[in-house]
Amino acid sequence: MSFADVLAGIYQGFGVTASVTLLGMAYAVPFAFIAGVLQFSTRGWPHAAITAVIEFWRSSPVIILLYAFYYTLPGFGIRLSGLAVGGLVLGLNIGGYGSQAVRAALQSLDRGQAEAGRSLGFRRWQILLLIELPQALLAMMPTFVNQFIQLVKSTALVSLITLSDMTFRAKEISQLHYDPVKVYTGLLVAYFVLCYPATIVGRWLERKVGAGRKFAHDV
Amino acid sequence: MTFDPAFALSIVPPIARALTTTLAVTLLSCVFAALLGFGLEITRRSSKPMRYAMRFVIDFIRSTPVLVQLYFLYYVLPVYGIKLPALVVGVAALSLYYCGYLAEVFKAGIDGIPRGQFEAAKALGLNRTKTVLLVIAPQMLRNIAAPMGNYFISIFKSTPYLAVIAVPESFGSALDIASDTFRYGEPMAVVGALFLAIAITLSFLIRKFEARLALSAQR
């Protein structure tokens, strides 16, 4: 089996990898914004409750959550497809991290912005939606790009709940034609090709936002 | 199938016993990842060609999933006659994956040190090794305690990946119980709760440590 054949075989799983990524994004982005804004703007028990939800999704290992949701929910009468479980678990995990980027970006804004909004007669939600969030967006972009890369990479885990993604396909090919060197090199190359452009964009954004500094000096 | 609390309690001891392996893997991977990451970063700063070469290595490591890197090491090394125990392969894979992230953390830590420190070391006639070990490393550690701690927690949360190559850590032990008893709910809940409790405790300790470092820096 040539290296090109291996890559073509792995590519057959690309549709599933892409679907899990897109579904994950569909959960991650709204969750990150809602949870981040709530954590920024609430006090007392609502703050504690949203923090607990975020901590649960951030601190639990994804692989355990995938198994728990995929194999346990049917016992409670809830039947979700592997794709739905993968998207939900990976999305909310990444969204949990994203929520911290949203909260941190909102906290980094000058207090004068909210005061100016108040003096113009804006309501709290108007200040948040029209003044604070648009400014915070730029600051949170590098983290969002990094989280996107994490999401694409985490999709490899759905192969463990028998979804036929790129990793699953690679394992099948490897079992069929015993050639692990070609197959796993091909798989590394496939993920690198998918994620590297986002890595470049993330680095460019970091420079743009000023979060990443150039080498100050060489040791 | 419902959740059986008595069964859940009965499986706590074997899963908790396997935590010894989980914690040993975490500790070893943290040490090796930090050492490798520091080595990568120092090599990156040694010359211009090295800067590009090491950046590519770091980007490659960061742009591919840890699960795929684990499969690669586990299945490809034996083809070249390198037969290592699964535990060693697991620690190697986690160390390799996270050293890419830690190298970036070290980069930010070194960049955060004032230029005068490098000049002072040079004025004192310290060579490169002494400058790195006696002047840069201690100050850098204060800058990077928090992000480094977060990656150490990520390493802990990645240890369940090792179950796929049959390392007897806690998640693997939970999976064994699940496949023996055909009950996934209880083992996943027990192992999930253990990981969540440890991860949250670790992040609390890191925040405390970070606050203490900030205090000692103010003095």
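Reader: Why is B:Phe60 called partly exposed?

Author: The relative accessible area of B:Phe60 is 26%. Buried means under 20%, exposed over 50%, and partly exposed lies in between (1.4 Å probe, protein chains only), so B:Phe60 at 26% is partly exposed. This is a predicted model, in which local features need pLDDT of at least 70, side-chain atom pairs count only at pLDDT 80 or more, and totals for chains, interfaces and linings use all residues. Residues are numbered from 1 along each chain as its sequence is written, chains are lettered from A and ligands numbered from 1 in the order in which they are written, and side-chain values use heavy atoms, with hydrogens and water left out.

Reader: What makes B:Phe56 and B:Phe60 a tilted pair?

Author: Rings of Phe, Tyr and Trp (its six-membered ring) pair if their centres lie within 6.5 Å; planes under 30 degrees apart count as stacked, over 60 as edge-to-face and the rest as tilted. B:Phe56 and B:Phe60 are 6.2 Å apart centre to centre, with 40° between the planes, so the pair is tilted. Both sit in helix α3 of chain B, four residues apart, which is about one helical turn. Helices here are DSSP runs (H or I, at least four residues), numbered from the N terminus.

Reader: Why is the pair of A:Phe192 and B:Phe56 called edge-to-face?

Author: Its centres are 5.7 Å apart and its planes stand at 75°, which is over the 60 degrees required, so the name applies.

Reader: How do you know which chains this pair joins?

Author: A:Phe192 lies in helix α9 (residues 180-209) of chain A and B:Phe56 in helix α3 of chain B, so the pair joins two chains.

Reader: What makes B:Asp59 and A:Arg203 a salt bridge?

Author: A salt bridge is a side-chain nitrogen of Lys or Arg within 4 Å of a carboxyl oxygen of Asp or Glu. The closest N and O atoms of B:Asp59 and A:Arg203 are 2.8 Å apart, so the pair qualifies. The rule finds one salt bridge across the interface of chain B and chain A.

Reader: How many residues of each chain are in the contact?

Author: Chain B gives 51 residues and chain A gives 44 residues, where contact means heavy atoms within 4.5 Å.
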